[in-house]
Amino acid sequence: MAAAQNSPCRDEGPDMKIIELVDICKTYVLGKTEVNALSSVSIKIKKGEVAAIAGPSGSGKTSLLNILGLIDKPDSGSFLLHGRDITTVPLNQLSGLRRGTIGFVFQTFNLIPVFNAFENVEYPLSFTHASKKARKERVEHLLQLVGISELARHRPYEMSGGQRQRVAIARALVNSPEVVLADEPTANLDSRTGAEILAQMRILNRELQVTFIFASHDPLVLDAVDRTIYLHDGRIVEGDRCRS
Ligand SMILES: Nc1ncnc2c1ncn2[C@@H]1O[C@H](COP(=O)(O)OP(=O)(O)OP(=O)(O)O)[C@@H](O)[C@H]1O
Ligand SMILES: [Mg+2]
C-alpha cells in the first residue's frame with residue numbers, strides 16, 4: 001500500500017489544531033535488531049474530534065499513541081502543541097505540559113490497586129494546588145459523569161472490567177484535558193460493555209468538547225468514530241476516512 005498524505009477532515013482555524021506531528025520516526029533497538037515502528041508519520045489532532053488510529057497488530061498504533069500522549073519521544077520529526085514546537089523538551093519536563101492538555105487511558109487501566117475508585121481519580125490532582133474541598137467536588141462530579149458514584153469506595157479488584165475502565169476514564173479527565181487518548185479501549189471488555197463505554201465517551205465529547213483518540217482495530221470502535229487514521233508497518237496508508 002502506498003503511503004498517503006494525512007488529510008484534515010474538517011475545516012480548521014488556527015485554534016482548532018491541538019497537536020500536530022510532522023514526519024515522526026520511531027525505531028526500537030533490541031540487541032542487533034532494529035524495528036521501524038513509525039516512519040514519517042504526519043497528523044493533526046483537532047479540537048472536538050473523535051478519531052481512531054487503526055491497523056493490524058504491530059503496525060505502530062501504541063507507539064504513535066504514546067508519542068501523541070507525551071509518554072515517549074520520537075527519534076526524529078516535530079511535535080507541535082498548540083503551534084509551539086516542543087520537540088526538544090526533555091521527557092522528564094513534559095508532565096507539566098501534559099497536565100491539563102492530555103489524559104491517557106491505558107489498555108490495562110493502570111489503576112493503583114491499594115487505592116479505591118475515589119483515590120485513583122483524585123491521585124493526579126495531588127500534583128496540583130487544588131484544595132481538599134475542590135478535589136472532592138471534582139472527583140465526585142467525574143465519578144457521577146462516568147456513572148459509578150456508588151463505587152467510590154471500591155478498590156479495583158472489587159470492580160468489573162467495565163467499571164475499572166470508567167475509573168480510568170474519570171482519572172484521565174480529572175485535570176480537564178483537551179484530548180483523551182485511549183489504547184484499545186474495548187480490548188478488555190465484552191462487546192456490550194465496550195459499546196456502553198464508547199457511548200459514554202461520545203457523551204463526554206459532546207458535553208465537554210473533549211477530543212478522543214483511540215488506538216484500536218476493533219470494528220466496534222471504528223464504527224463509533226468520525227475519523228480513522230490507518231497505519232501499516234508504521235506508515236499512514238489510505239489517508240483518513242472521515243464520516244460525512
Ligand atoms: N519497547 C519496544 N521495544 C522493541 N520493539 C517494540 C517496542 N514497542 C513496540 N515495538 C515494536 O514496534 C512495532 C510497533 O509496535 P506497537 O506496539 O506500536 O504496535 P500496535 O499497532 O500497537 O500493535 P498491537 O495491535 O499488537 O497492540 C512492533 O513491531 C513491535 O514489536
Ligand atoms: Mg498496541
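Helices α5 (residues 161–173) and α6 (residues 191–208) pack at an angle of about 20 degrees, with their axes 10 Å apart. That makes α5 roughly parallel to α6, a word used for angles under 35 degrees. This is a predicted model, in which local features need pLDDT of at least 70 and side-chain atom pairs count only at pLDDT 80 or more, while totals for chains, interfaces and linings use all residues. Residues are numbered from 1 along each chain as its sequence is written.

**Helix pair**
- Gly161, Gly162 and Gln165 of α5 meet Thr193, Glu196 and Ile197 of α6; contact requires C-beta atoms, placed from the backbone, within 7 Å.
- Helices are DSSP runs of H or I with at least four residues, and strands are runs of E with at least two.
- Axes are lines fitted to C-alpha atoms, for helices over the stretch in contact, and angles run from 0 to 180 degrees between N-to-C directions.

**Core**
- The largest nonpolar core has 63 residues, and α5 gives the most to this core, with six residues.
- Such a core is a set of buried Ala, Val, Leu, Ile, Met, Phe, Trp, Tyr and Cys residues joined through C-beta atoms within 7 Å; buried means 20 or more other C-beta atoms within 10 Å of a residue's own.
- Ile53 is among those with the most contacts inside the core, and the residues that Ile53 touches include Leu64, Ile213 and Leu231.

**Sheet**
- Four strands form an open sheet in the order β2-β1-β4-β5, with antiparallel pairing; a pair needs at least two DSSP bridges.
- β2 (33–46) and β5 (84–85) stand at the edges, each with a single partner strand, so one side of each lacks a neighbour in the sheet.
- Helix α1 (residues 61–68) packs on the sheet, touching β1 and β2.

Note on methods: Chains lettered and ligands numbered in written order. Contact = placed C-beta atoms within 7 Å. Buried ≥ 20, exposed ≤ 12 C-beta atoms within 10 Å, placed from the backbone. Parallel < 35°, antiparallel > 145°, perpendicular 65-115°, else oblique. Lists of a residue's contacts leave out its neighbours within four places in sequence.
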